[in-house]
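This report describes selected features of one protein structure, with attention to its loops, strands, helices and cores.

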Amino acid sequence: MKITTLIENQAPDSLCREHGLAVHMEYKGKNYLLDTGASGQYVENAHRLGIRLSDVDAAFLSHAHYDHSGGYREFFSENSKAVLYLQNTVRENCYSNFLLYRQYIGVPKGLLEKYRSRLRFVSGTTETEPGVWTVSHNIPGLSERGRSGHMYIKAKNSFRPDDFSHEQSLVFEREHDLVLFNSCCHAGVVSIVDEVNHALKATGKKVSYVFGGFHTMGLRGPGSMSGRPEDIQTLGRQLLNRGISCVYTGHCTGIPAFRILKKTMKERVRYMKTGSVINL
């Protein structure tokens with residue numbers, strides 16, 4: 001399995017960067033795309049990295065935020081065959097609300113209608129192709145996480161805390177383990193690992209590798225899901241206790257939190273900046 005980060009917050013001078021995430025995966029002779037960053041810049045990076053987006057067999061949206069869905073128009077322009085798998089709760093209705101400041105942070109307006117023929121809505125635990133799974137959340141208390149992260153869903157003329165029902169994990173099954181992708185882990189990475197292990201227990205395999213952001217950027221800032229350095233240390237220890245071989249993280253994890261994780265997890269955590277290529 002080969003994983004290439006097409007865009008992320010950090011990048012070498014030869015590639016574009018932005019606050020967003022897009023990841024390309026090669027698995028069992030097929031090509032997959034998870035998210036498209038905040039714009040179409042990942043397309044330029046893909047060209048420079050020798051990746052043909054026209055060859056992607058299936059695409060996935062991790063959750064309904066702009067920094068993961070901003071480049072699907074460019075993807076559909078480059079690729080005429082792949083469908084996009086997303087949770088059946090995805091709507092154009094995500095907002096941040098901090099003090100008196102409210103901002104739309106969702107999927108680009110009009111995207112879902114314009115490309116509805118390319119969309120495949122899923123829920124629960126779904127095997128989209130042999131060995132490729134999407135897993136939705138079944139974790140209690142997520143609305144409170146939305147409230148503490150200043151994230152809301154607009155319903156008619158009112159707003160309610162986001163419960164992240166629009167978020168999903170993407171999982172690849174290998175011979176002896178599972179490889180988990182969750183771009184922002186709004187539900188908490190440790191809870192998500194446990195959720196995926198439970199959802200796919202019939203396979204007899206567990207998560208060994210985790211890719212994605214942990215929403216700890218800023219530690220105490222708006223949208224942060226964990227407020228203290230000691231919480232980040234605990235997170236690292238909990239992942240180690242679950243037998244995770246390695247975590248590849250970036251984007252909304254943030255550099256300060258990554259450095260704390262590095263002290264706790266040593267070589268079992270690595271940064272997945274733009275252009276990174278990982279072979280498992």
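Cys252 is buried, with a relative accessible area of 5%; buried means under 20% relative accessible area, exposed over 50%, and partly exposed in between (1.4 Å probe, protein chains only). The model is predicted: local features need pLDDT of at least 70, side-chain atom pairs count only at pLDDT 80 or more, and totals for chains, interfaces and linings use all residues. Residues are numbered from 1 along each chain as its sequence is written, and side-chain values use heavy atoms, with hydrogens and water left out.

Cys252 belongs to the loop between β16 and α8; here helices (H or I, at least four residues) and strands (E, at least two) are DSSP runs, numbered from the N terminus. Its C-alpha atom is 6.5 Å from that of Cys184, although 68 residues separate the two along the chain. Beyond its neighbours within four places in sequence, Cys252 is in contact (heavy atoms within 4.5 Å) with Ser183, Cys184, Gly213, Phe214, His215, Thr216 and Met217.

His251 is located in the loop between β16 and α8 and counts as buried at 1% relative accessibility. Its side chain makes a polar contact of 3.1 Å with that of His68. A polar contact is a pair of N or O atoms within 3.5 Å; within protein, one must be able to donate a hydrogen and the other to accept it, and residues adjacent in sequence count only if both atoms are side-chain atoms. Not counting residues up to four places away in sequence, the residues that His251 touches include Glu8, His19, Asp67, Cys184 and Tyr271.

Five of the six residues of strand β1 (residues 2–7) are buried, so β1 is largely enclosed by the rest of the structure. Strand β1 pairs in the antiparallel sense with β18 (residues 277–279) over three bridges, where two strands pair if DSSP finds at least two bridges between them. Thr4 has Val277 of β18 as its bridge partner. Five bridges join β1 to β2, and these strands run antiparallel; Lys2 is the bridge partner of Glu26 in β2.

His24 lies in β2 (residues 22–27) and is buried, with a relative accessible area of 2%. Its side chain joins that of Asn31 in a polar contact of 3.4 Å. Leaving out residues up to four places away in sequence, His24 touches residues including Lys2, Thr4, Leu6, Tyr32 and Ile51.

## Helix α7

The 13 residues of α7 (residues 229–241) should span 18 Å at 1.5 Å a residue, and the end C-alpha atoms are 19 Å apart, which agrees. The expected span is 1.5 Å times one less than the number of residues. In α7, Ile232, Leu235, Gly236 and Leu239 are buried. They cover an arc of only 95° around the axis, which puts them on the same side of α7; the arc is that of the directions from the helix axis to the C-beta atoms. Their cover includes α6 (189–199), β16 (246–249) and α8 (255–265).

## Nonpolar cores

A nonpolar core is a set of buried Ala, Val, Leu, Ile, Met, Phe, Trp, Tyr and Cys residues joined through side-chain atoms within 4.5 Å. Of the 31 residues in the largest one, Val189, Val196, Val210, Phe214 and Leu239 touch the most other members. Apart from this core lies another, of 29 residues, among them Phe76, Cys94, Leu112 and Ile153.
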